[in-house]
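Open the model in your viewer and follow the stops below. Each one says what to select and what is there.

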Amino acid sequence: MLEIRWHSRAGQGAVTGAKGLADVISTTGKHVQAFAFYGSAKRGAAMTAYNRVDDAVIMNHEKYMEPDYVFVIDPALVYTSDVTINAKDNTIYIITTHMSTQELIASQPKLEGKKVYTVDCIKIAQETIGRAIPNTPMLGAFMKISEMYDIEFFKENMKRILAKLPQKIVDANMLAIQRAYDEVK
Amino acid sequence: MAFDKMELRDIEVWDGNFAAAQALRQCQVDVVSAYPITPSTPIVEGYAKFKSDNYVEGEYVMVESEHAAMSGCIGAAAAGGRVATATSSQGLALMAETLYQASGMRLPIVLNIVNRALAAPLNVNGDHSDMYMVRDSGWIQFDAFCPQEAYDLNFIAFKVSEDHAVRTPAIVNQDGFMTSHTAQGVHTMDDDTAFSFVGEFKPMNDMLDFEHPVTHGVQTEEDWHFEHKARQHNDMMTIVPGKIDAAFEEFAKLTGRKYNQIEQYDMDDADVAVVCMGTSVETAREVAREMREKGIKAGVIGIRVFRPFPFMAIAEALKDVKAVAALDRSAPGGTPGALFNEIAGSLFNSDSKMLLSGYIYGLGGRDLTKKHLVDLYTELQANADAGKVLTQQQQFIGVRGPKLAYL
């Protein structure tokens, strides 16, 4: 079982990202689950989304999760939420920030000694898609770190999932995914 | 055909709401009369989108309240069409009056309830308060434990509800958010196969058949009311269960997915068992398997058909089990939980020496964790070993503060 927790703000696309990732993984024959904690969250409120991936049908519906990966797609959540909650010793963090990994860890001591990777998904999204929607770049970074799929295979699938959007936006998302794949450290 | 077919992949990653909306499309529902409410909104929104994109030939009626939504469904069903809607929580509460009209008038309607807590305090998350509130309303009630079942049970609900020997409306329940907003793989049917299962709607006593005038919505006082209600109950007790079984059988032939009025998992040799509904059934199945690795013979029963209640099937399934927990996801308001009472009733006049304890859990969407279930099975095993219930008969799972236990 592979488990992922997303830290996001409502409106940044974590739910869409989690569902998109689940959709891509499902095409390879694995079983998936994607869900979120909404509460009565309004746009901008901190929220979490989740992925589970397994070879067998996923029957566990508990919301509690000890994630293998933590994705943080809004830079400030590293300070205002506990992104390390219920983590395991080997949990891998992929965090959106304009800082280097060393600077980030220095600014948030809770990340000390953890496996932390950084990428500026916000900047990448702004420069490619034109809006601060950091969900698809995070998935590009995840493909790099996890080596789950070949990036071209992943992008082809994401094109299908995003197909209802205008072609210009789809193309921009592909650029964003590739840039995050290349830039994550 | 005046509408377009939709190409689906064999497995689509859908949440429970979208799965239900796709089922309404594939059944080619004639009328959806709806007033959207969280977390059920995407079901009727989905139907409306399919209709505006020409994937459905039907009518979407926007109304001013849930009371009006079900009233619209009643009118459309009486006129003679395939009718559905969806609601949750407060919406269902406002709809309650008209639910009794629909069942009393013997109108086939499918209502998707995306289960959500009832205020106060206001809460949009999933529990079974709304499902329980309308349990005596004369509607058939199915319960889905995951998005796949939210899809499948809609077809089965139309099939049973519209049968001329049944003519009783049906509810398809799914857990708010835990199913409705959780995306999982759903095995789909293609449009033709799906529609072939429900078939063309066959009207009966329809008001638009001017050659054969009928009266709907009559008044009966002391002279006839009781006979009508007795007949309604009689059909629920004697006709509906067989029709549900037949629909389950036919659906299994079509899809390979076999449903049962109660779903039994690891029950053949179970010493201890949990009986519950919704997503909790699946989480409990996973924990039961893990308990077996630790030497506890654990099983799970999921209530697939909540109304008509599978009284005899429950009695049969539990007769040799030593200790059973009834899990109710609804505040009982001064009595044991509904499942506790119904299970107790099913076994009271039997030789079973089963030890029954009741648990209230998960109100307002509170998480039911695997840890909770491990503790629960451990407690049941202790009861089984001692030959008596060691705790009070009603306890609460997962609530903060001092331990609550009664009875």
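Start with the boundary between the two chains of this predicted model. Select the contact residues: 19 residues of chain A meet 19 residues of chain B.

Stay on the chain A side. Colour α1 (14–26) and β2 (31–37) of chain A, the elements that each give two or more residues to the side touching chain B. Which element gives the most here? It is β2(A), with six residues. Now colour this side of chain A by residue class. Nine residues are nonpolar, six are polar and four are charged.

Zoom in on Q33(A). Opposite Q33(A) stands Q184(B), in β8(B).

Select residues 11–255 for domain 1 and 262–406 for domain 2. The centres of these two domains of chain B, taken over C-alpha atoms, are 28 Å apart. Their contact draws 27 residues from domain 1 of chain B and 20 residues from domain 2 of chain B.

Finish on the domain 1 side of that contact. Select α5 (129–133), β6 (140–143), α8 (225–238) and α9 (240–255) of chain B; each supplies at least two residues to the side touching domain 2 of chain B. β6(B) provides the largest share, four residues.

Note on methods: Residues are numbered from 1 along each chain as its sequence is written. Chains are lettered from A and ligands numbered from 1 in the order in which they are written. This is a predicted model: local features need pLDDT of at least 70, side-chain atom pairs count only at pLDDT 80 or more; totals for chains, interfaces and linings use all residues. Two residues are in contact if their C-beta atoms, placed from the backbone, lie within 7 Å. Ala, Val, Leu, Ile, Met, Phe, Trp, Tyr, Cys and Pro count as nonpolar, Asp, Glu, Lys and Arg as charged, and the others, Gly among them, as polar. Two strands pair if DSSP finds at least two bridges between them. Domain bounds come from an automatic or database domain assignment.
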